[in-house]
Amino acid sequence: MHIGELSRRTGVNTHQLRYYEAQGLLEPARGTNGYREYASDAVVKVRQIRNLLGAGLSTQDIASLLPCVLGEAPDFVDCPEMLTLMRTRRQRLDAQIETLAHSREALRDYMDRTKNQATSDRPWDEVGALQPGS
């Protein structure tokens, strides 16, 4: 099938499919006309890629995991490096979540202090407009 058909069948735009190819995740053949020609199993592979991206894995992570992947869900065969890679990625996600939570709390504190100061010191409302009668 050509790239347009793969895009239609997977819901993934052609630009993304070309990106997956550049990352080594998809390997289409080339017809004599130079067009990409995908095997029928490319639909499953694209769905695997999308599911793994949805789990927060990078395309580099996915490239190393694809030999261990079966089915669309995907399911995994026993590959020793797979669990190590996933644990490492989960640790990075946990650290990012912690950093984001800290940032959210800091912003909340700044907003509360600014709001409290604005209502006691200045005649401004929450969006910065001058309050009536000021």
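# A first look at this chain

Y110 lies in helix α5 (residues 80-121), where helices (H or I, at least four residues) and strands (E, at least two) are DSSP runs numbered from the N terminus. This is a predicted model, in which local features need pLDDT of at least 70, side-chain atom pairs count only at pLDDT 80 or more, and totals for chains, interfaces and linings use all residues. Residues are numbered from 1 along each chain as its sequence is written, and side-chain values use heavy atoms, with hydrogens and water left out.

**The overall layout**

- There are five helices and four strands in the chain, and along the sequence they follow the pattern α-α-β-β-α-α-β-β-α.
- Of the 134 residues in the chain, 25% are buried; buried means under 20% relative accessible area, exposed means over 50%, and partly exposed is in between (1.4 Å probe, protein chains only).
- Take the contacts (heavy atoms within 4.5 Å) in the chain with a separation of 6 or more: residues 24 or more positions apart account for 40% of them.

**The surface**

- The chain exposes about 9300 Å², and carbon and sulfur atoms supply 52% of that area; accessible areas come from the Shrake-Rupley method with a 1.4 Å probe, and for residues only the protein chains shown count as cover.

- Helix α3 (residues 42-54) has 13 residues and should span 18 Å at 1.5 Å a residue, which agrees with its end C-alpha atoms being 18 Å apart; the expected span is 1.5 Å times one less than the number of residues.
- The buried residues of α3 are A42, V43, V46, Q48, I49 and L52.
- What covers these buried residues includes the helices α1 (3-10), α2 (14-22) and α4 (59-65), along with the strands β3 (69-70) and β4 (75-76).
- After α3 comes G56, which has a positive phi, near 90°.

- T10 is found in helix α1 and counts as buried, at 18% relative accessibility.
- Leaving aside neighbours within four places in sequence, T10 is in contact with V43 and V46.
- A polar atom of the T10 side chain lies 3.3 Å from the backbone nitrogen of V12.

**Salt bridges**

- The structure holds seven salt bridges; each is a side-chain nitrogen of Lys or Arg within 4 Å of a carboxyl oxygen of Asp or Glu.
- One of them joins E72 and R47, with the closest N and O atoms 3.2 Å apart.
- Because E72 lies in the loop between β3 and β4 and R47 in helix α3, the pair ties together parts that are 25 residues apart in sequence.
- E72 is partly exposed, at 36% relative accessible area, and R47 is partly exposed too, at 30%.
- In helix α5, R108 and E105 are three residues apart, so about one helical turn separates them, and their side chains meet in a salt bridge (2.8 Å, N to O).
- E105 also forms a salt bridge with R104, where the closest N and O atoms are 3.9 Å apart.
- E21, R30 and R36 are linked in a network of salt bridges.

Conventions: A polar contact is a pair of N or O atoms within 3.5 Å; within protein, one must be able to donate a hydrogen and the other to accept it, and residues adjacent in sequence count only if both atoms are side-chain atoms.
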